[in-house]
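Here is a quick tour for someone who would rather look at a structure than read a table. Keep the viewer open and follow along.

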Amino acid sequence: MSLLHQEAFTTESKVAYLRTLPAIRERCTKVHDLAKQGKLEYFDYHPEKEDDVVDYCIGIIKRDFGTNYSSIPPHSRWRHFDVGRPRIQPLIDSWRSSSSPPENMEIAKRLIDLFLVSVLLDAGAGNQWKYTEKNSEDGQSYARSEGLAVASFDMFLDGFFSDRKDEPFRVDAAALEKLNAENVSVAMQVTSSNPMSGIEGRTGLLYNLAQALRSSHEFFGEGARAGNILDFLAQNSRNDEGKTKVPVSALFSALIEGLAAIWPASRTSLGGVSLGDVWPCSALSNSTKGASGLLENMKVSPGGVSGTSEGDDLVPFHKLTQWITYSLVEPIEKVLGWEVEGLEDMTGLPEYRNGGLLVDFGVLTLRSSAVASYFDTPEVPPRLLPSHPAIIEWRAMTVIELDRIAEGIRKKLGHNLKLAQVLESATWKGGREIAKSKRPATGGPPIEIESDGTVF
């Protein structure tokens, strides 16, 4: 339930608000407003450079899709699974042509199992790691997100995430609880000569997922299986002339609440509740005097309270949860024929490809004076912790700038592309391509995030 018009303000209502989709765009807008006034602490904002990004993105769209804009798929893990060749549809076809073909609901549950666990493994792997596909004729190797997708696909086919030998195509808590850094490393081909960033944190997420599946019966059922979230969504759907329609808020909320246990205990908390991918922004702390606080965004009466209040500096991103949401929508709609409503509330994903595009084109410039110690070697990108206030500013600006870039693309193309299509065909791909052009040795982003396997 939305808290944007609630006429009371408590720590509980703040926590609930920060876990909503509207809160992401609203709180990031506060940071963007500071940027327009030159009041960020780590970045300078150059809106005149946005047209350069728009034109670059349009060039990529036309190169890859011509003018057939309706053929652009949504941003989803499905694309990464299909790197080099299709994998998901052939897998579905093999299930349907088996001697005991599963119902569509079971097929969808299997895909939800696979997509969710794969996204959880999708934190930055670093510049050195690669994965060589098993059982492939050419022994093709893949890196970064695609490599992680293919690795998790192979693991899924091998029954790595299932505790039932007779049902390998599932992800359940019983199997996840048995995983450790050693067997995950072996499965993902991690060695001293093929290192992966954050393997311990990645494994910890899988173990925490097991606890979340067991403790959240409302969303994942008694079987503690990720795919059972579809049963919850079916109960929260509506029938519109024979079409099952599910609000995206139901899916997002189920993931936010159901997966709350996966986050490290060290993450930001409010009132003793761990918030996940929500971080304090020091620029807001130093500028907020009530007017830019949570109360204004929540549209509640402060009851005479003046000045700042607890949580006024917090900015939610929920990048992982949104990436899961984007990725789960596709199999839900394609396999079950359901319609997920309200996708306009989703935001662009604040990660290093989308954000790197903005830095590489000069829309955002990192002030060397603010992080001087990281500019000792100018040819080496600064490397910062995910909690560093510069990263928080960068991510918040990325969310709003993606809206602005998307709108610029729509206007110049004369076509109303959905944000998920822009992310897939333009900004994420564009961020990767400009990075490879500017840093051919690594293809890494202009600002490195010191990945612990739990933050993108």
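## Ground rules

Two strands count as paired if DSSP finds at least two bridges between them. Helices (H or I, at least four residues) and strands (E, at least two) are DSSP runs, numbered from the N terminus. This is a predicted model, where local features need pLDDT of at least 70 and side-chain atom pairs count only at pLDDT 80 or more, while totals for chains, interfaces and linings use all residues. Residues are numbered from 1 along each chain as its sequence is written, and side-chain values use heavy atoms, with hydrogens and water left out.

## A three-stranded sheet

Look for the open sheet of 3 strands, ordered E4-E5-E10 with mixed pairing. Its edge strands are E4 (238-240) and E10 (339-341), each pairing on one side only.

E5 (residues 243-247) and E10 run parallel and are joined by 3 bridges. One to pick out: valine 246 has valine 340 in E10 as its bridge partner. Helix H13 (residues 248-258) lies across E5 and E10, at about 50° to E5. Angles here run from 0 to 180 degrees between N-to-C directions, with axes fitted to C-alpha atoms, for helices over the stretch in contact.

## Two helix pairs

Two packed helices are described by the angle between their axes and the distance between the axes. H2 (residues 21-36) packs on H18 (residues 389-413) at about 95°, with the axes 8 Å apart. That makes H2 roughly perpendicular to H18 (65 to 115 degrees; under 35 is roughly parallel, over 145 roughly antiparallel, and the rest oblique). Residues in the contact include Ile24, Cys28 and His32 of H2 and Met397, Ile400 and Arg404 of H18; contact means heavy atoms within 4.5 Å.

H17 (residues 352-360) and H19 (residues 419-438) pack at about 60°, again with axes 8 Å apart, and are therefore oblique to each other. In H17, Arg353, Asn354, Leu357 and Asp360 do the touching, and their partners in H19 include Leu423, Trp428 and Ile434.

## Tyrosine 42

Is tyrosine 42 buried or exposed? With a relative accessible area of 14%, tyrosine 42 is buried (under 20%; exposed is over 50%, partly exposed in between, using a 1.4 Å probe and protein chains only). Tyrosine 42 sits in the loop between H2 and strand E1 (43-45).

Leaving out residues up to four places away in sequence, tyrosine 42 touches Ser282, Leu366, Arg367, His388 and Glu393, among others. From tyrosine 42 to alanine 283 is 241 residues in sequence, but 8.8 Å in space, C-alpha to C-alpha.
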